[in-house]
Amino acid sequence: MATDPQFVLQYLTEVEELAEDVLTDKQQIVDLDVKRNRNREALRVLQKDLEKSEKVMVCFGNMFIKLPKSRTKEMIQKDQEQLDKEVDRLHNQLKVKVNRLYEAQGKDQIKGFDLNPLSLEEMQAIKKVLQAK
């Protein structure tokens, strides 16, 4: 059955599609990280702005608009939160897609790849237990 050209072609197509999905998600994460860094830089400039002007120039697409500084900060912070959520969503999807790709290739899943960090409450509980000893 493995020598059937149609089966081999279908197998290779499936693996290639899964690999393409993984690479696409990785590239999206990189692009979103670049945007997050630009937002971070913009927020830092707005915080350190020595001029006491109430309005700043903001670029939207091909045009510049003068907006109040506080409104601009709010917009960038909301955009930053949205980008963080999108990156987290892509990271979670990436884990699943990489596991599917490994499964399609007949490899074992990556051990420890699906680990999640401890929550603040869990960390505090561990510290209490360690301090009690």
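Which residue's side chain does a polar contact of 2.4 Å join to the side chain of Arg-36? The partner is Asp-33; a polar contact is a pair of N or O atoms within 3.5 Å, where, within protein, one must be able to donate a hydrogen and the other to accept it, and residues adjacent in sequence count only if both atoms are side-chain atoms.

## Basis of the model

This is a predicted model, in which local features need pLDDT of at least 70 and side-chain atom pairs count only at pLDDT 80 or more, while totals for chains, interfaces and linings use all residues. Residues are numbered from 1 along each chain as its sequence is written, and side-chain values use heavy atoms, with hydrogens and water left out.

## Arg-36

Arg-36 lies in helix α1 (helices are DSSP runs of H or I with at least four residues, numbered from the N terminus). Its relative accessibility is 16%, so Arg-36 counts as buried (under 20% relative accessible area, with a 1.4 Å probe and protein chains only). Apart from neighbours within four places in sequence, Arg-36 is in contact (heavy atoms within 4.5 Å) with Gln-80, Leu-83, Asp-84 and Val-87.

## Asp-25

Asp-25 also belongs to helix α1 and is buried, at 4% relative accessible area. Its side chain makes a polar contact of 3.0 Å with the side chain of Lys-97. Beyond neighbours within four places in sequence, the contacts of Asp-25 are Leu-90, Gln-93, Leu-94 and Lys-97.

## Val-8

Val-8 is found in helix α1, which spans residues 5-48. With a relative accessible area of 33%, Val-8 is partly exposed (between 20% and 50%).

How values were computed: Helices (H or I, at least four residues) and strands (E, at least two) are DSSP runs, numbered from the N terminus.
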